[in-house]
Amino acid sequence: MPSASFSSSRSYVRRSRRKGGHRIPLPSRTQSTEPCESVPCPNNVTGSAMAATACAGPSGSGGGGSPPVPAAAPATTAGHHSPYDLRRKSPPAYHEPGPSGTCSLPARKRPRTSLSQGVDVCNVSQYLQYELPDEVLLCILSHLTERDLCRVAQVCKRFNTIANDTELWKSLYQSVFEYDMPLMHTAPCQFEFMTADECDAENPWKESFRQLYYGIHVRPNFRPKKDSRIKHFNTIRAALEYVEERGGSTPPSSSGSSPCSGAAAATATAAATPGAAGASAACACAGAGAGVGAGPCACRRAAQPKPALVFVHQGLYQEECLAIDTDVQLIGCAAGNVAESVVLEREAESTLTFAEGASRAYAGHMTLKFSPDATSTMQHHKHYCLEVSDNCSPTVDHCIIRSASVVGAAVCVSGAGANPVIKHCDISDCENVGLYVTDYAQGAYQDNEISRNALAGIWVKNFANPIMRRNHIHHGRDVGIFTFENGLGYFEANDIHNNRIAGFEVKAGANPTVVHCEIHHGQTGGIYVHESGLGQFIDNKIHSNNFAGVWITSNSNPTIRRNEIYNGHQGGVYIFGEGRGLIEHNNIYGNALAGIQIRTNSDPIVRHNKIHHGQHGGIYVHEKGQGLIEENEVYANTLAGVWITTGSTPVLRRNRIHSGKQVGVYFYDNGHGKLEDNDIFNHLYSGVQIRTGSNPVIRGNKIWGGQNGGVLVYNGGLGLLEQNEIFDNAMAGVWIKTDSNPTLKRNKIFDGRDGGICIFNGGKGVLEENDIFRNAQAGVLISTQSHPVLRRNRIFDGLAAGVEITNNATATLEHNQIFNNRFGGLCLASGVSPLIRGNKIFSNQDAVEKAVGGGQCLYKISSYTSFPMHDFYRCQTCNTTDRNAICVNCIKTCHQGHDVEFIRHDRFFCDCGAGTLSNQCQLQGEPTQDTDTLYDSAAPMESHTLMVN
């Protein structure tokens, strides 16, 4: 017992005066040192009877009891009360003391037990009020009912302090409600367990008792205390019938709703008004002392009727079919796990039904089971564990819901006006759908656990529009959430994972809004939108799904915005079968296949996304895929940034495609489409590759920093390259080879670390009105049976020749301007006969002719990185091979008198000057490490990107 917190000293401050009635005004004691000296004690009252009266009040635990004390008339004279007289039951009026100093006490309504001669009643009262040990007083008070305990608190400050002891009220509370923690009931349909630290009340147990006191109890075979005013029933149906008889609600002032009455009216009113904010502070019974405050407190005034409250105690309730159409609150009542201890179960018809009229009904902290008999012939496809029908809005809270029905959902909410609040419930292990919302129903569903159901965790259908927040939907044997046939809904901050099919499925005109959800570890995909499905999926995390994070197909058109789509075991977003959709502002990364895949006539809009660090490619468009792909950033993917193949025709605009480990944009096998105004840079292979019948339009792009060239067109590739800037590539700006035939118009191809345009191995093409300048090798190199057409190009400021034609190639050169190139304007190898018409070749530096004329080794002007065109020879004496070349000045000087042979006029660097022959060059300095003369620029690397569907 916490006796240390109480004081039993005689110096304990006397209780303060109360301004209102209910007290007997007595003579002042200010001039007397002995409090009861002037009031001789009556001889007909025993000390034990008086003690019982002082402790137990008008109806003590000993049984019997007197009727409540009526309110006394206001005092006419001021004065202190005798401690004993404060507990007098029915003081009719004030009595002046007699001439001898004795007080004339009022006559009692019935005789008392006589008191032995010489017993001082005032001393007994003094002892009871000030000297009785706290432990003894607590033991006495522990036998009182809540009403009597409130009355005792009115006696004096000491009694008030001890009567408000936390452990005392906890014991009383648990004998009535059984809960392990105080249950706060701050408003209709709002209940919350709180620890003592979480509650603001000085005594949480008493405060909870006050808030819950108006309820009635279903407690089979329970026998309450004889004088208890708390109603108890054996069945829920009996309790509901009692509620219905009383009008379906509990007025705060109704009988049985107040823990005390009469002299403890303030306490009674506070205890009967659980919903009144601040009532405990305004009420005298909840204050630190008695007698404070003037006039009636706020909690005495009439309040609005509130829904009846029914406590259902521990047990299994099987035979009761509950259909609620009034405002009643049902709540489980037990120690430990409340919901597991209170079980409502049915084998036929719905276990619990809310119908029209249940606008403020409540069911909480109980288990609801529907277990239809498998051998029964009764149809139960329209029966559920919990059913909410038209025009009602109950609250279902902290319930465990289980259904063994294979033909009906565990929870069904249907009909216009159905608007429940279902929260903190566990809807799991059901043999059909967990939660079914249909036919224009609404409602708020939050913080529920929905798992391991045989079909979908949630169905939303036929214009139903629920709000679902913070639910945990997982390990279903079907889809997590299924919206179909025009279902709507707002889904926020749900955790959806480990479902056997998709985490979220949208079908047949459904249009949900899904925000801030986490959809992950699905055994198939994350989100599946099909058969004209819609929906807005915004700010979600979609990751670690076995198939694509998002599937869109069959004319569906959802919006996928600002999601994180990552670490999928296949792709990120997969659009196929004429799917559409708006895919924007997403962060798509780390997926095993393409970040976005578009195929089979699908036509989405893909914009403002980041698609990066994929283990495969960035965007893959194939099998006649289409789409507008604009303003995305595609980077650091293992394979191509964008693939376009097999008849596909997407439009790519204003994207940044960079830092890939292979090609930037790869057109192959009849891939088409438009590539406009993109930045394509810093790829390990070419920026753009076109092959095998592909014929894209590439216009207005910047293509730079490719480690294997800017654009590579090969194996029969086509395409129109127009008004692009192609610069600063490690190899040629544009490669055209192996029977390819693109058209290049009005491009700027400059500052290449190799040639400008290289055409070889039978390459063709039309080059018109391009500016080709400041490239390290030839502006245009034409080689090995190639035959392009060059018209009206400007080829200038090159660090080698302007145009070089070699290796049996030919060309048509018409009206070109070739000027200010270091090794000359037009350089033709032996046996080359191009068609030349109307070209202007002027102001070239002719560095090769000047070096030859000056007696220099050509290696001095070319090093091993350039290949000036001139006569080159072999030296039989030095045993050189076909891969070695010697310039004319080295023949004259270094190989004078040797057996030499003229090979041809072609492009080469001098191996003698490079120091790769046995004789040291006499015209050049230290030898280099190069061993072979390269007749052509290095061959480009072709993409070997795998085609993975």
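Predicted model: local features only at pLDDT ≥ 70, side-chain atom pairs only at ≥ 80, totals over all residues.
Biologist: Let's start with helices α6 and α7. At what angle do they pack?
Modeller: The angle is about 40°, and their axes are 8 Å apart. Here α6 covers residues 166–176 and α7 covers residues 204–212.

Biologist: Why give both an angle and a distance?
Modeller: Because two packed helices are described by the angle between their axes and the distance between those axes.

Biologist: Is the crossing of α6 and α7 left-handed or right-handed?
Modeller: Left-handed.

Biologist: Which residues make that contact?
Modeller: From α6 you have T166, W169, K170, L172, Y173, Q174 and V176. On the α7 side there are W205, K206, S208, F209 and L212. Sorted by type, the contact of α6 with α7 has 7 nonpolar, 3 polar and 2 charged residues.

Biologist: New topic: where is H895?
Modeller: H895 sits in the loop between α14 (888–893) and β75 (900–907).

Biologist: Buried or exposed?
Modeller: H895 is buried, because its relative accessible area is 1%, and buried means under 20%.

Biologist: What does H895 touch?
Modeller: Leaving out residues up to four places away in sequence, H895 touches C875, C878, I886, C890, V900, C912 and L917.

Biologist: And V606, where is that found?
Modeller: V606 is in strand β42, which runs over residues 605–607. V606 is buried, with a relative accessible area of 1%.

Biologist: Which residues are in contact with V606?
Modeller: Skipping neighbours within four places in sequence, V606 is in contact with I583, I596, I598, L628, I629, E630 and N632. Take I629: it lies 23 residues from V606 along the chain, and their C-alpha atoms are separated by 4.6 Å.

Methods: Residues numbered from 1 in each chain as written. Heavy atoms only, no water. Axes fitted to C-alpha atoms, helices over the stretch in contact; angles between N-to-C directions. Helix = DSSP H or I, 4+ residues; strand = E, 2+ residues; numbered from the N terminus. Left-handed = near helix turned anticlockwise from the far one by under 90°. Contact = heavy atoms within 4.5 Å. Nonpolar A, V, L, I, M, F, W, Y, C, P; charged D, E, K, R; others polar. Buried < 20%, exposed > 50% of the residue type's maximum accessible area, 1.4 Å probe, protein only.
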